[in-house]
Amino acid sequence: RASVELADARRFAAPVINRVLMMFHAKRILERRRRARLRSWRMQDQDEEQRQAKEDAHEQRKAQRKALEHKVRDQALRERSVGHVQRWWRGCMVRLWVLNRFWAALHIQRNLRGYWGRREAASVRDKREADQQKAEQRLRKKQKKEEEERAREQQEREQEREREQERE
């Protein structure tokens, strides 16, 4: 009898329980779907961003390449527009300028220490001559002094003689 009642109760409660369970189940299913939808949107956004970044990089590279091509082309046009005669003349002028700099450097050198030493040698000669003159002057002074001393000594001797003669 108890089992019959239990069966009746079960039979009566089953739809309610099933409905409650179905509610929870549906809630879970809906939640899962919502998450999946969000995830797919996020993935789509990421894909879109990646695609956009790729396109931007591609555009940038294309622009750089184009700019480089334009630069090279402009350079070539410029070089072509300057004729070969002008280029030859420019080369000549550059070489002339280099030669001029070299010559100026030589002359700077010359003013610093003589034209490969010649002016230096002249200055050394001048110095030697000056030294020689000074030495000669010194020698003359010495000789003069010695002569004066000799003359003084001679005078003194003469004075001594005169005194002795006077005494005698």
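In the predicted model, a salt bridge joins the side chains of Glu160 and Arg163, with an N to O distance of 3.4 Å. The two residues are 3 positions apart in helix α3 and are therefore separated by about one helical turn. Glu160 is partly exposed, at 43% relative accessible area, and Arg163 is likewise partly exposed, at 44%. Helix α3, which spans residues 118-167, also holds Glu153 and Arg157, 4 residues apart and again about one turn of the helix. These residues form a salt bridge whose closest N and O atoms are 4.0 Å apart; Glu153 is partly exposed, with a relative accessibility of 41%.

In total, 7 salt bridges are found in the whole structure. One of them connects Asp8 to Arg11 at 3.3 Å, N to O. Both residues belong to helix α1, where a spacing of 3 residues corresponds to about one turn. Asp8 is partly exposed, with a relative accessible area of 38%, whereas Arg11 is exposed, at 61%. A network of salt bridges links Glu48, Arg51 and Glu55.

Helix α1 comprises residues 2-81 and includes Arg61. Together with Lys62, Arg65 and Lys66, Arg61 forms a positive surface patch. Lys71 is also located in helix α1 and is classed as exposed because its relative accessible area, 60%, is over the 50% cut-off. The C-alpha atom of Lys71 lies 97 Å from that of Ser3, the two residues being 68 positions apart along the chain.

A nonpolar surface patch of about 810 Å² is contributed by Val85, Trp88, Trp89, Met93, Leu96, Leu99 and Phe102. Of these residues, Trp89 is assigned to helix α2, which covers residues 84-113.

Note on methods: Residues are numbered from 1 along each chain as its sequence is written. This is a predicted model: local features need pLDDT of at least 70, side-chain atom pairs count only at pLDDT 80 or more; totals for chains, interfaces and linings use all residues. Side-chain values use heavy atoms; hydrogens and water are left out. Patches are made of residues with over 30% relative accessible area and no salt bridge: like charges are joined within 9 Å, nonpolar side chains (Val, Leu, Ile, Met, Phe, Trp, Tyr) within 5 Å. Accessible areas come from the Shrake-Rupley method with a 1.4 Å probe; for residues, only the protein chains shown count as cover. Lys and Arg count as positive and Asp and Glu as negative; His and the chain ends are not counted. The place of a charge is taken as NZ of Lys, CZ of Arg, CG of Asp or CD of Glu. Buried means under 20% relative accessible area, exposed over 50%, partly exposed in between (1.4 Å probe, protein chains only).
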